[in-house]
Amino acid sequence: MRLRLIREDTSIDFFSRARIWLGISVIAMVIALASFLIQGLNYGIDFQGGTSIRTDSTQPVDVAAYRTALEPLGLGDISIAEVDDPLFDEDQFVALVRVQAQDGDERIASETIEAIQEALRSVDPEMTFPSVESVGPKVSGELIQSAIIAVSMAVVAILLYIWLRFEWQFAVGAVLALCHDVILTIGIFSEFQIKFDLAIIAALLTIVGYSINDTVVVFDRVRENLRKYKKKDLKEVLNLSINETLSRTLMTSVTTLLALVSLFVLGGDVIRGFVFAMIWGVVIGTYSSVFVATAILLVLGVKRDWSKKDPSAGTRYGHIDT
Amino acid sequence: MLNFSLAKYLTIWLIVALGLVFAMPNALYNRVEAYNDATALIEAGQSNASIAADAELWPDFLPSNLVNLGLDLRGGAHLLVEVQVEDVHASFLEGLWPTVRDALAEERDIVGFVTREDSPATELRVRISEEEGATRAFQIVRGLAQPVASFTGGAATNIDVTIDGTLLTITLSDAEMVAMDERTIMQTLEIIRRRIDEVGTREPTIQRQGSDRILVQVPGVGSANEIIDLLGTTAQLTFNPVVGRTADAEASPGTGNILLPSLDEAGVYYIVERRPVVTGEDLENAQLDFDQNGRPAVAFRFNTSAARTFGDYTLENIGNPFAIVLDDEVISAPTIQSHIPGGSGIITGNFTVEEATNLAVLLRAGALPAELEFLEERTIGPELGADSIAAGQIACIVAGIAILVYMVLSYGLFGVFANIALLINIGLIFGLLSIVGATLTLPGIAGIVLTIGMAVDANVIVFERIREELRTAKGPARAIELGYEKALSSIIDANITTFMTAVILLVMGSGPVQGFAWTLMFGIMTSVFTAIFVTRSLIAMWFARTRPKTIEV
């Protein structure tokens with residue numbers, strides 16, 4: 001007996017509630033965008049500039065004491081966050097201290113970093129600093145720029161590829177589904193104020209890759225079925241294609257999630273944000289390739305019969321003639 | 001389709017075997033690393049018992065390439081610096097002034113007196129006193145222009161000259177700026193490399209990025225500050241004639257002179273001639289030494305031509321002080337006691353032994369042509385890296401086992417085939433990473449775990465397809481064949497799109513993100529290869545042997 005996620009002969013009607021699904025997606029996207037515009041992302045130093053110091057101490061983290069120690073340095077906005085991870089030793093207490101980029105100071109002053117470390121050692125002389133990262137405002141500005149370019153390039157490249165391999169309607173459907181995934185991912189990062197840094201951009205691009213992977217497998221089947229069932233309604237063909245590929249779609253999501261969840265739990269706190277983005281992306285990506293991409297395809301319609309002229313094009317010219 | 005030719009079998013399994021052989025050194029990372037270090041030392045001409053023992057740790061005929069561990073895994077310092085090329089433009093114009101002055105002075109009858117006027121650092125302004133001589137002066141200065149030394153060639157000269165009444169303005173031409181920037185960056189790269197090599201850390205990465213930036217990565221350094229100390233000093237050493245000494249920081253030095261603070265004596269300033277007699281570029285050697293009082297000093301020796309210039313200067317200026325200037329600070333200003341013919345001497349200051357050693361290193365490596373600005377600095381402690389590796393390994397193993405079990409539960413025997421392919425796949429990723437010498441970073445490990453999850457995808461697509469084909473009852477052989485045939489286009493399309501995003505990441509990303517892109521890219525390549533060829537040949541072999549009447553996928 002095999003383990004089956006779904007029955008072999010599913011025939012779920014995915015479009016009976018297409019409006020509801022699209023509606024939910026649109027509302028979710030509006031919420032995500034609103035959250036992004038209102039409270040913005042919690043940018044890491046990669047994108048905002050500044051210094052981030054990881055502290056490691058055998059004493060429990062006392063945020064107030066750290067803050068008091070750092071106060072006299074007059075470094076402006078300081079954020080101190082305790083990091084908790086099941087993998088830490090029992091007497092290991094880690095915090096992340098973040099200092100904003102100093103005004104008009106491109107050069108990262110080693111003296112400043114040393115002063116911070118000195119001040120923190122006054123709280124616990126045994127404290128160590130496993131990582132110190134400092135990014136100047138010039139570089140962080142460029143990093144944002146190149147991140148935006150990278151994501152846009154990926155989307156455009158995919159648009160072009162799908163357009164070449166399929167029809168433009170497929171390309172539009174796939175890319176809208178991608179934008180949906182990216183917006184919702186950015187939305188969750190803004191809503192929960194999870195640190196957004198360079199690694200998250202990598203995660204975003206992977207989500208783009210994963211989601212397109214899923215969508216393409218469905219589309220590929222749609223294309224095949226469109227040739228096979230010339231007389232069937234587009235809606236029926238789409239439904240059939242989704243059902244046929246559903247088992248694979250879920251199977252792959254489950255194996256990928258198995259991998260990601262074990263990384264999330266066991267991979268340490270340094271990459272947890274990154275892995276979280278990917279888990280979320282896989283879930284959203286799977287949803288969007290089943291519900292969003294195909295629904296858009298249904299709305300746009302697909303040119304079926306290559307022997308005759310596109311009837312809609314014909315009517316359009318007809319109108320012009322009259 | 002199900003029956004591969006023998007040649008195909010052999011090719012497939014040869015590739016697998018090769019990939020695994022290249023991956024193997026990574027399984028014994030420490031051992032192979034010790035071997036690599038030892039062989040490198042032996043090649044460099046060093047040897048002793050422990051090195052020889054290390055060199056025996058790994059057989060020579062096996063590949064010994066390892067996956068590079070990124071700084072986030074190994075620990076070390078990462079710095080991004082920007083070379084201030086404008087400095088070089090300014091100092092070139094500065095150096096041009098005496099030449100211009102002398103050339104114009106030769107025709108004093110026509111051009112009159114020549115004076116320099118204050119100007120921004122990007123230009124040199126020269127005023128002549130005779131208006132009738134303007135055209136002649138313009139010609140003379142134009143005549144000083146040299147062709148630009150660059151690869152692009154062209155007839156460009158290095159300076160542009162404009163004249164407005166009696167004011168001559170000299171600027172660098174665009175072509176010269178480009179060529180000069182290029183030279184400056186190359187020279188800076190070289191000097192950074194020498195300075196870091198002098199300290200003797202292993203495998204530093206010193207890379208140019210963009211037009212005027214350099215990325216420096218030094219594994220195993222406890223703090224980026226050590227590297228900053230080493231690179232933060234320009235180490236521009238000059239010997240300038242001293243004009244006077246003052247306690248007034250606002251004193252006007254007069255044209256052609258500059259006011260420089262003393263390094264040791266607070267509140268003391270020296271007025272020195274801007275143009276040095278000799279510079280650190282003419283040094284042949286510099287090393288730690290001690291003066292007659294036993295205090296640390298730096299002994300230096302000039303090359304022959306500089307030794308002669310220095311000798312002549314000391315002969316003519318006995319009794320006058322001259323200043324030893326390091327990065328715009330006067331280290332000391334001794335009085336010339338006698339003619340110094342040999343071109344060697346010592347620099348004394350209030351140095352500690354460490355400072356003197358460092359200064360000698362910097363002088364030997366040469367001065368940076370321009371100052372460096374530090375844009376980005378990251379230090380990762382080795383423990384954090386080791387923790388990350390350990391966590392990544394555990395996650396990999398758990399994820400791997402979960403997926404292996406899940407695949408067997410879902411697809412039975414075919415799941416076992418897919419699992420064998422998956423294990424081979426992981427090996428191949430490491431093999432490729434080692435061959436290319438790509439760097440594995442923490443996100444890279446995540447990439448491998450993700451690949452483990454996604455690698456089975458191509459197999460899943462095929463298996464699901466075979467299931468479907470079986471339902472239309474064509475017999476197992478035909479179903480398997482059709483399954484592969486029809487799934488291929490999905491697999492290719494799906495993976496090409498993901499591959500494109502990985503390439504974009506590789507091109508646009510930096511450091512850790514690139515590490516992720518490498519593993520993702522190789523993961524896609526190997527997973528497609530293993531799904532299309534490895535799993536398939538396993539199934540084909542099994543099928544040929546058992547000839548089942550029915551199969552269950």
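Guide: Two strands are called paired when DSSP finds at least two bridges between them, and the elements themselves are DSSP runs numbered from the N terminus, a helix being H or I over at least four residues and a strand being E over at least two. The model is predicted, so local features need a pLDDT of at least 70 and side-chain atom pairs count only at pLDDT 80 or more, whereas totals for chains, interfaces and linings use all residues. Residues are numbered from 1 along each chain as its sequence is written, with chains lettered from A and ligands numbered from 1 in the order in which they are written.

Visitor: How many residues of chain B are in contact with chain A, and what does contact mean?

Guide: Contact requires that the C-beta atoms of two residues, placed from the backbone, lie within 7 Å; by that test 61 residues of chain B are in contact with 57 residues of chain A. Among the elements that each supply at least two residues to this side of chain B are helix 9 (224–231), strand 18 (372–380) and helix 14 (442–471). The largest share, 16 residues, comes from helix 12 of chain B.

Visitor: What is the make-up by class of the side of chain B that touches chain A?

Guide: That side has 37 nonpolar, 14 polar and 10 charged residues, where Ala, Val, Leu, Ile, Met, Phe, Trp, Tyr, Cys and Pro count as nonpolar, Asp, Glu, Lys and Arg as charged, and the others, Gly among them, as polar.

Visitor: Why is chain B described as spread out or compact?

Guide: The radius of gyration, taken over C-alpha atoms, is set against a globule rule of 2.2 Å times the number of residues to the power 0.38. For the 553 residues of chain B the rule gives 24 Å, and the value of 34 Å is well over that, so chain B is more spread out than a compact globule. Its C-alpha atoms fill a box of roughly 110 × 60 × 40 Å along the principal axes, and its secondary structure comes to 16 helices and 19 strands.

Visitor: How do you know whether B:A27 is buried or exposed?

Guide: A residue is buried if 20 or more other C-beta atoms lie within 10 Å of its own, exposed if 12 or fewer, and partly exposed in between, with C-beta atoms placed from the backbone. B:A27, found in helix 1 (residues 6–27) of chain B, has 11 other C-beta atoms within 10 Å and is therefore exposed. In chain B, buried residues make up 42% of the 553 residues.

Visitor: What is the handedness of the crossing of helix 6 and helix 7 of chain A, and what does the word stand for?

Guide: A crossing is left-handed if the near helix is turned anticlockwise from the far one by less than a right angle, and right-handed if clockwise; the crossing of helix 6 and helix 7 of chain A is right-handed. Helix 6 (residues 168–191) and helix 7 (residues 198–228) of chain A pack at about 145°, with their axes 10 Å apart. Their contact has 12 nonpolar, three polar and one charged residues.

Methods:
Axes fitted to C-alpha atoms, helices over the stretch in contact; angles between N-to-C directions.
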